[in-house]
Amino acid sequence: MNKREDSSSIFSNSWISFGTPVEDEEHLKSSRSPRRSSSSENPKLTPFKLRHSYGINPRVPLVNLTSKDRTLIAYACSHATALYDYTSRDMHLLQGHQNYVSMISTDTEGKWLLTVDYGKDNVVIIWDTETRVPICTLFNPHGMEEILAAKLSPNAKYIVTIGNGIEMTIKFWLWSYGRHESDATAVLTGLGNDRVKEIIFNSEFSNHFLLGLESNLVFVTWDNQTLNWKVAKINGDAGRLGLFNVSTYIMKTHQVWTGTSNVS
């Protein structure tokens, strides 16, 4: 009998019972309140805040943001972009993409950083590398199409994006104006299945840029109203050159050097 009474008293006084006596409510509040307040009073307990990440996406080139005042690099790491100080070994992760980060680029000064993700509901984000906050976000810049390539101009005035449609669409953005629509659009035709691999700006004239494809080079110019483009003519047998790998403008000219997969 005593055992049954002890057992019933244990369960009747427990906070999980359905029939808690009125006189025990204050005791229950005082006993439970420290558990509820301990996590809210300690700001360090943030289990869903990403603090560090190991690894790097080798398909996305690393960007050097080092200046006389800082030692900083940026690289893609899954769905985030890592800002890593290689002197202090501090890491800050820029988060805002629901898909993996596929492209990053910066202006000449390293003040602004562009990040792009590849997949459904993709976005283009411009970050301030000093305050580490997003300044501009372009949501679904090509509608339902995925972004094939994107880049920030050296003077930080322009963004160029390429849509991965059957016919690739170039969009030119004066992003600092805060508009949600591109300032000029052009559709690349007559290139078959050849896809844009890279965007190269002329560092002297940022309204001139080159689109590098595997078998073609496309020169594009912004004339403050429209985009004008033309495909470079290749003399002789283009097949002997192989695939176009990487290109760069020659300083103070509109000429371009291109490296190919074949040496002759």
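A pocket, as the word is used here, is an open set of grid points with protein on both sides within 12 Å along at least five of seven lines, and its lining residues are those with an atom within 4 Å of a point. With that in hand, the second largest pocket of this predicted model turns out to be lined by L217, F219, A232, L241, F244, V256, W257, T258 and T260. Two elements, β15 (217-222) and β18 (256-260), each give two or more residues to that lining, and β18 gives the most, with four residues. Seven of the lining residues are nonpolar and two are polar, while no charged ones turn up. The space inside comes to about 210 Å³.

Now for the largest pocket, which holds about 980 Å³ of space. Its lining takes in 41 residues, and P61, I104, S105, A150 and K151 lie nearest the centre. Two or more lining residues come from each of β1 (63-64), β5 (101-106), β9 (147-152), β13 (196-201) and β17 (244-249). By type, the lining of the largest pocket splits into 22 nonpolar, twelve polar and seven charged residues.

Strand β5 also shows up in an open sheet of four strands, which run in the order β5-β6-β7-β8 with antiparallel pairing. At the edges stand β5 and β8 (133-139); each has a single partner strand, so one side of each is left without a neighbour in the sheet. From one strand to the next, the twist averages 20°. Strands of a sheet pair through backbone hydrogen bonds, either parallel or antiparallel. Here, β7 (residues 123-128) and β8 pair in the antiparallel sense over six bridges, and V124 has L138 in β8 as its bridge partner.

Technical notes: Residues are numbered from 1 along each chain as its sequence is written. This is a predicted model: local features need pLDDT of at least 70, side-chain atom pairs count only at pLDDT 80 or more; totals for chains, interfaces and linings use all residues. Side-chain values use heavy atoms; hydrogens and water are left out. On a 1 Å grid over the protein atoms alone, a cavity is a set of points where a 1.4 Å probe fits but cannot get out, and a pocket is an open set with protein on both sides within 12 Å along at least five of seven lines; lining residues have an atom within 4 Å of a point. Grid points are joined across faces, edges and corners, and a volume is the space filled by probe spheres set on the points. Ala, Val, Leu, Ile, Met, Phe, Trp, Tyr, Cys and Pro count as nonpolar, Asp, Glu, Lys and Arg as charged, and the others, Gly among them, as polar. Two strands pair if DSSP finds at least two bridges between them. Axes are lines fitted to C-alpha atoms, for helices over the stretch in contact, and angles run from 0 to 180 degrees between N-to-C directions.
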